[in-house]
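Subject: Structure handover

Hello,

I am passing a structure on to you. Please look through it first; notes on what was found in it follow below.

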Amino acid sequence: AKEQDKAAKKEAREAAKAAARAEKDKKKAASKASGKANTPRASHADSSDSDDRPAVADMTAAQRACYEHKDRMRDLRKELAEYSIDRLKDMLRHNDQLLTGKKMELVDRVADCKLFGCLPRCPSCFGGRLRVKYSKAFGHGGTGHYFCKGFYDEDHFHFCRYSSSSVARPAWKDITATDALAML
């Protein structure tokens with residue numbers, strides 16, 4: 001009797017698993033038929049992909065700009081992720097930008113500067129580097145809240161409380177062959 005109960009429970013579990021697999025396959029087939037992929041995001045660089053975009057005709061100008069920004073940023077990140085850390089730092093150094101951070105932070109910094117221009121030195125203390133905080137991840141158009149915390153001068157830290165909602169961002173300068181030779 002115990003073995004029959006075990007066998008019945010095992011059959012019930014297997015039947016439930018089969019029903020769950022059939023339901024999952026049915027959902028997968030329905031999503032393929034509607035044109036939507038049901039796959040998880042692969043990596044940070046691909047995380048801005050979107051399969052559920054509205055039709056272009058149904059988008060507002062702000063939505064279109066947001067999706068264009070996402071696409072440009074994704075493409076730039078993908079391209080820059082193949083570069084070495086030294087090459088990314090050389091590009092940032094050539095444009096007088098912050099050099100610290102992990103590789104993906106460097107990639108994001110180069111991509112942001114290429115799209116919206118470089119962050120200038122602080123116009124108040126002249127030593128600190130401006131930082132920017134965007135109100136949203138995409139579609140901001142390079143505008144945000146700019147601030148400076150200060151800078152180190154030898155062993156002394158100089159505080160700065162500069163804050164602004166707009167700053168003139170100089171254009172990104174690509175490294176030319178003569179610039180690369182000069183760096184050696």
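Is Asp90 buried, partly exposed or exposed? Asp90 is partly exposed, with a relative accessible area of 29%; buried means under 20% relative accessible area, exposed over 50%, and partly exposed in between, with a 1.4 Å probe and protein chains only.

Before the rest, a word on the basis. This is a predicted model, in which local features need pLDDT of at least 70 and side-chain atom pairs count only at pLDDT 80 or more, while totals for chains, interfaces and linings use all residues. Residues are numbered from 1 along each chain as its sequence is written, and side-chain values use heavy atoms, with hydrogens and water left out.

Overall layout

The chain has five helices and five strands, in the order α-α-α-α-β-β-β-β-β-α along the sequence. Helices (H or I, at least four residues) and strands (E, at least two) are DSSP runs, numbered from the N terminus. Of the 184 residues in the chain, 24% are buried. The accessible surface is about 13,000 Å², and carbon and sulfur atoms hold 53% of that surface; the areas come from the Shrake-Rupley method with a 1.4 Å probe, and for residues only the protein chains shown count as cover. Among contacts (heavy atoms within 4.5 Å) with a separation of 6 or more, 43% are between residues 24 or more positions apart.

Salt bridges

A salt bridge is a side-chain nitrogen of Lys or Arg within 4 Å of a carboxyl oxygen of Asp or Glu. The whole structure has eight salt bridges.

Asp90 is in one of them: its side chain meets that of Arg93 at 2.7 Å, N to O. The two residues are three apart in helix H3, so about one helical turn separates them. Arg93 is partly exposed at 47% relative accessibility.

Another joins Arg169 and Asp112 at 2.8 Å, N to O. Arg169 lies in the loop between strand E5 (163–164) and helix H5 (177–183), and Asp112 lies in helix H4, so this pair ties together parts that are 57 residues apart in sequence. Arg169 counts as buried at 15% relative accessibility, and Asp112 counts as buried at 10%.

Between Asp75 and Arg74, the closest N and O atoms are 3.5 Å apart. Asp75 is partly exposed, with a relative accessible area of 44%, whereas Arg74 is buried at 18%.

Not counting residues up to four places away in sequence, Val110 touches Leu80, Leu88, Met91, Leu92 and Trp172. Val110 and Leu92 are 18 residues apart along the chain, and their C-alpha atoms are separated by 6.8 Å.

Two positive phi values

Most residues other than glycine have a negative phi. Asp96 has a positive phi, near 55 degrees. Asp96 is found in the loop between helix H3 (85–94) and helix H4 (103–116), and is partly exposed at 37% relative accessible area. Phe126 also has a positive phi, near 65 degrees. Phe126 sits in the loop between H4 and strand E1 (131–133) and is exposed, with a relative accessible area of 65%.

Regards
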